[in-house]
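Here is a short tour for a first look. Keep the model open as you read.

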Amino acid sequence: MKHVFLIPFCTLLLLSCTKQADYVRFTSWQSSPTEERIIRQTLTDFEKEHPDVAYQFQPIPGNYPEKIQLMLGTGKAPDLFWLKGDTAPAYMDFEVLEPLDPFVSIDQNFDEADFFPVFRDAFRHKGKNYGYAKDFNAYVLFYNKKLFAEAGLIGPPKNWEELYDFSKRLTKDTDGDGKNDQFGFVIEPSIDIALPFALQNGGELVAEDGTVRVGEPEFIEALNFFMSLYRDGVSTIPADQGAAWMGDVFSREQCAMTISGSWLIPYLRDNSPDLEYGVSELPQGKKRGTLAFTVAMVIPKQSNHKKEAWTMLSYLAGKEGMKTWTNSGIALPTRKSVALSNGFYEDSVLNTFMQSVEYAKLYKINMKERWYDESQAAMQGIFYKNKDIEKTLKELGKTLEKYTLD
Amino acid sequence: MKFKSRKKEQLFWGYLFLAFPLLLLSIFVFFPIGFAFVVSFYDWNLLIPDKPFVGLGNYFELFKDPVFIKAIKNTIIYTIGVVPVQTLLSLFLAFIMNQKIRGRAFFRTAFYIPAITSSVVTSIIFVWIYSKPGLLNYGLNALGVDSNIDWLTNPVTVLPSIMILNVWTTSGYFMVSFLAGLQNIPASLYEAAKIDGANQWQQFWKITVPMVRPVTYFVVIMSLIGCFQVFDQIFIMSSGGPDNASTTMSYFVYQNSFKYFRFGFGAASAAVLALLIFATTLIQKKYFPPDVY
């Protein structure tokens with residue numbers, strides 16, 4: 001029966017021999033059915049607007065970065081695809097993406113100035129723009145109103161001292177077994193949770209010009225405060241609660257506050273619909289600071305349909321497409337006009353995210369990919385092996401020097 | 001067709017039938033293996049057309065990379081921990097399953113089920129068992145042992161925890177191999193031993209163990225190779241963490257090739273892994289050959 005396997009094999013061979021498709025292939029990942037429904041809605045609207053552009057939507061359900069990398073490497077990349085902000089520097093550095101400035105300059109409707117500055121320049125590399133941010137998310141503070149009321153607290157913490165003090169007052173033993181089972185706060189041994197604290201303290205992982213700054217006093221001081229929350233027992237970590245992530249701990253009311261992006265909102269709606277929560281900007285240190293996450297739409301250099309792909313990008317990241325895409329609040333708009341017309345500034349929850357944009361720093365590290373695992377390893381060392389913070393960060397600084405982009 | 005001799009004719013038809021599978025194997029197995037070695041001498045980034053030749057550069061860099069050194073160490077600890085336990089356990093299980101005990105079919109199935117269950121599924125189940133409020137801590141506490149650690153984020157317990165999972169999942173598979181071996185042992189040997197007054201224990205060590213030696217050889221080699229290549233459990237359960245305490249060589253290969261865009265460097269580490277497996281197998285073949293009788 002060996003020949004049975006031949007059929008798919010030959011079909012594959014034949015398929016790969018046929019000439020390039022004459023439609024735009026658009027690829028994204030998919031994180032939820034809701035997301036897929038809205039993408040398809042946006043695309044249907046696009047069809048009505050531009051019936052002349054033939055396209056096919058080909059989502060990749062899993063292992064997205066690996067798949068895209070292989071597709072690019074073998075010349076089979078889609079004509080338009082999503083690229084995560086934190087992996088973008090490597091792709092821009094490898095020069096596999098098409099600079100979009102020539103398209104922008106002749107596109108009347110695109111209106112680049114409408115983007116918030118932090119997102120307009122998010123994918124600018126060596127003076128060229130390689131992508132446009134389709135939406136964003138930012139870290140804000142979620143707090144449990146019921147637990148706050150029980151502890152006699154009214155509003156969310158405004159600064160580090162209050163964060164520590166509130167966490168302490170919200171930490172307690174509810175079932176009387178001598179062990180705390182409700183915590184004020186939850187953190188994670190992850191560099192992106194620690195980074196906002198460093199930013200608030202005037203620190204930074206890597207400066208814009210590529211200087212590694214993780215070993216500097218500002219970062220060390222911030223991480224000392226961050227770790228004191230856990231080491232003093234007023235904050236927990238997901239692993240201690242058998243939870244998968246911080247939002248999970250928050251939804252089970254095992255902690256009263258958590259840092260999260262807006263992805264926590266649908267999660268809470270599904271998992272604990274009765275939980276009353278409030279959202280506020282992150283408490284500030286010496287200054288305000290948070291991280292913004294974004295996803296770019298990019299066109300690869302190897303595409304044969306750049307013009308059509310741009311028409312699509314211009315619509316999807318344009319005023320109309322972005323309005324449909326972000327209307328439900330599943331993602332937040334990177335264009336000021338869309339935020340205004342969607343009424344996000346009037347919504348108490350979404351407004352918090354929009355306010356954070358003013359000072360948010362983009363989560364985009366200009367380093368070779370390995371910086372992430374090295375940083376995570378350092379954080380895990382501090383959390384799980386009780387390593388000395390100052391020494392570990394200084395060592396991490398030295399390690400990261402090896403992964404700077406030139 | 002005319003053939004000069006019968007032997008030639010047989011050769012012709014033999015190769016003809018082999019030709020197609022051989023072609024497939026060449027395209028999808030032999031060529032990629034050879035090509036990986038070639039790639040390991042280049043700075044090979046899929047996304048950049050320029051792929052400079054670096055000679056042994058990748059290999060020199062590998063042995064200066066602290067994470068790789070740690071990965072080798074972890075892999076060796078893992079292998080040394082798993083292989084003997086696994087082999088003994090599966091032989092022992094097979095020995096029991098070969099007796100006439102009640103519910104034998106049930107036990108055989110029960111021991112074999114982990115082997116046919118997807119490793120992703122078993123890994124996820126064990127993630128829960130090993131978690132802080134998980135079954136393991138619950139069981140230990142019920143037994144009076146005070147245990148409140150998260151087994152997979154504790155740098156000391158993470159590797160042994162994954163090792164135990166692996167012993168559990170693959171012992172059933174090797175048990176079946178041993179069972180086949182046990183059934184080839186003539187009953188007369190045991191009868192003779194009984195007449196000489198050997199007890200069960202002596203029979204096991206003096207008859208069973210030597211007689212299944214060819215199977216043991218097979219099991220040890222397969223289990224060695226499997227351990228050196230351990231990947232899926234690490235990928236799902238610990239992602240190499242905490243602080244690289246469970247990073248193994250194949251996980252390192254994956255990370256460098258597919259996450260850091262460094263196919264050349266990844267291929268070089270894969271080559272080192274291949275050499276390590278090859279060397280271990282050779283040593284085993286030399287010092288512990290399958291047949292000595």
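## A parallel pair

In this predicted model, strand S8 (residues 183-186) and strand S10 (residues 255-260) of chain A run parallel, joined by three bridges. One pairing can be picked out by name: A:Phe183 stands opposite A:Cys255 in S10(A).

## The sheet around the pair

S8 and S10 belong to an open sheet of five strands in chain A. Read across the sheet, the order is S9-S8-S10-S7-S11. The pairing is mixed. Strand S9 (235-236) and strand S11 (277-280) of chain A are the edge strands. Each of these two pairs on one side only.

Helix H13 (residues 264-271) of chain A packs on this sheet. H13 touches strand S7 (140-144), S10 and S11 of chain A. The direction of H13 makes about 20° with that of S7(A).

## The largest cavity

The model holds two cavities of 30 Å³ or more. The largest cavity contains about 90 Å³ of space. Which helix gives the largest share of its lining? Helix H2 (residues 33-49) of chain A does, with three residues.

The lining of the largest cavity includes A:Ile39, A:Thr42 and A:Leu43. A:Phe26, A:Trp82, A:Lys134, A:Met297, A:Leu316 and A:Trp325 line this cavity too. By residue type, the lining divides into seven nonpolar, one polar and one charged.

## The second largest cavity

The second largest cavity has a volume of about 30 Å³. Its lining includes A:Leu141, A:Leu163, A:Phe185 and A:Phe197. A:Gln200, A:Ile259, A:Leu282 and A:Pro283 line this cavity as well.

How do the residues of this lining divide into nonpolar, polar and charged? The lining has seven nonpolar residues, one polar and no charged.

Conventions:
Residues are numbered from 1 along each chain as its sequence is written. Chains are lettered from A and ligands numbered from 1 in the order in which they are written. This is a predicted model: local features need pLDDT of at least 70, side-chain atom pairs count only at pLDDT 80 or more; totals for chains, interfaces and linings use all residues. Side-chain values use heavy atoms; hydrogens and water are left out. On a 1 Å grid over the protein atoms alone, a cavity is a set of points where a 1.4 Å probe fits but cannot get out, and a pocket is an open set with protein on both sides within 12 Å along at least five of seven lines; lining residues have an atom within 4 Å of a point. Grid points are joined across faces, edges and corners, and a volume is the space filled by probe spheres set on the points. Helices (H or I, at least four residues) and strands (E, at least two) are DSSP runs, numbered from the N terminus. Ala, Val, Leu, Ile, Met, Phe, Trp, Tyr, Cys and Pro count as nonpolar, Asp, Glu, Lys and Arg as charged, and the others, Gly among them, as polar. Two strands pair if DSSP finds at least two bridges between them. Contact means heavy atoms within 4.5 Å. Axes are lines fitted to C-alpha atoms, for helices over the stretch in contact, and angles run from 0 to 180 degrees between N-to-C directions.
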